[in-house]
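I am opening my notebook on a new structure. I will look up the fold, then the charged pairs, then the surface.

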Amino acid sequence: MIWLLLLLLAWVFAGTACTRLCLAAVRAAALDTPAATADRERDLTLYEAAFLSGGPARVADVTLVSMARQRRLLLAHTGWATVVDPRGHDEIEQSVIGAIGPEGQSRIAPVRARAAGAEAVRRLADRLVRAGLAVPDDAGTSVGAAVRQVRAAALAVAALGVSALLLPVPTEAPRLLVGLWFALPLTLALSCLVIARFEVHPYTRWASPAGQRLLGALVRRPAGDERSFLTSVAVRGIRAIGEPELRAAFTHRDQPWRE
């Protein structure tokens, strides 16, 4: 019977996805141990907040914005970056200047990509992982990726169930019974999603539970100064930039960069 083969596929999809989610949740819980408490109770730097919120690309963005606000970089609304002061204040600023190149001018898109992949950003990520604030760079076992797989499995199970019910060939089992059999793996997948929603939510690609708590404390601080502005860019990304020309520098798409 063809519907039994479809049912077997449904169980494989649901079982594999739910197992992966459980393993990812256990791993995420292991990151939230009392170890490295001193590191977790300190204030986040601007770069750390950017990485925990949006990963390496966000670190590059907040560095470009910070240097532009200090008039050490010129970010044109046409999508070009020009070096005004070639002296970086730290290794990440130096990596951004190096990404622009010896001519001192480059399109912003490749600069962001190169700076995000710089060794300085990788060292920042390693420090955050060791402190228990960032999720190790293994998307295959992250809770967010596992939840997405369970969602996909639930849709696949539903599609397989509908296909089984619509099969034109006669079946020995009543269609209601076939539907009930497919409801079992669908219930398993949906139950895992509900549990994940209440037990391990919110889940992020970059920040561990401890890192999320520090980010939450960071965004609750009073706003109004330059540090608060840069913090909002670090946490929310370029959509937090209120200056039209500076924001246009990041969103310009007339000449997309290709490597």
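**Entry 1: the fold**

I read the elements of the protein chain from the N terminus on, and they run α-α-α-β-β-α-β-α-α-α-α-α-α-α. My tally for the chain is 11 helices and three strands. I note that this is a predicted model.

I looked up burial next. The protein chain has 259 residues, and 43% of them count as buried. The chain exposes about 14100 Å². Carbon and sulfur atoms supply 62% of that area.

Then I checked contacts between residues at least 6 apart in sequence. Of these, 72% join residues at least 24 apart.

I checked the confidence values before going into detail. The mean pLDDT of the protein chain is 83. I also see that 83% of the residues reach 70 or more.

Where does pLDDT stay under 50? One stretch is residues 35–39, for which the model has four contacts beyond four places in sequence. Another is residues 254–259, with five such contacts. Where pLDDT is low, the predicted coordinates should not be read in detail. I leave both stretches alone.

**Entry 2: salt bridges**

Side chains of opposite charge can pair when their charged atoms come close. I counted salt bridges, with a nitrogen of Lys or Arg within 4 Å of a carboxyl oxygen of Asp or Glu as the cut-off. The count comes to seven.

I started with R112, which forms a salt bridge with D61. Their closest N and O atoms are 2.6 Å apart. Which parts does this pair tie together? R112 lies in helix 5 (residues 108–116) and D61 in helix 3 (residues 46–69), so the bridge ties parts that are 51 residues apart in sequence. Are R112 and D61 buried or exposed? R112 is buried, and so is D61.

Next I looked up R69 and E243. Their side chains meet in a salt bridge, at 2.0 Å from N to O. This pair links distant parts of the chain, 174 residues apart. R69 is in helix 3, while E243 is in the loop between helix 10 (226–236) and helix 11 (244–251). R69 has 28% relative accessibility, so it counts as partly exposed.

The next pair was R72 and E93, whose side chains meet in a salt bridge at 2.7 Å, N to O. R72 is in the loop between helix 3 and strand 1 (73–75), and E93 is in helix 4 (residues 91–100). The two are 21 residues apart, and the pair links distant parts of the chain. R72 is buried, and so is E93.

I also found a network. Salt bridges that share partners join E91, E119, R122 and R123.

**Entry 3: a nonpolar patch**

I turned to the surface. Which residues form the nonpolar patch there? They are W11, L176, L177, L180, W181, L184 and L188. Together they have about 670 Å² of accessible area.

Which helix gives the most to the patch? Helix 8 (residues 175–199) does, with six residues.

L188 has its place in helix 8. Its relative accessibility is 31%, so L188 counts as partly exposed. Patch residues need over 30%, and L188 at 31% passes that cut-off.

Conventions. Residues numbered from 1 in each chain as written. Predicted model: local features only at pLDDT ≥ 70, side-chain atom pairs only at ≥ 80, totals over all residues. Heavy atoms only, no water. Patch = residues over 30% accessible without salt bridge, like charges linked within 9 Å, V, L, I, M, F, W, Y side chains within 5 Å. Areas by Shrake-Rupley, 256 points an atom, 1.4 Å probe, with all protein chains shown as cover. Helix = DSSP H or I, 4+ residues; strand = E, 2+ residues; numbered from the N terminus. Buried < 20%, exposed > 50% of the residue type's maximum accessible area, 1.4 Å probe, protein only. Contact = heavy atoms within 4.5 Å. pLDDT = per-residue confidence, 0-100.
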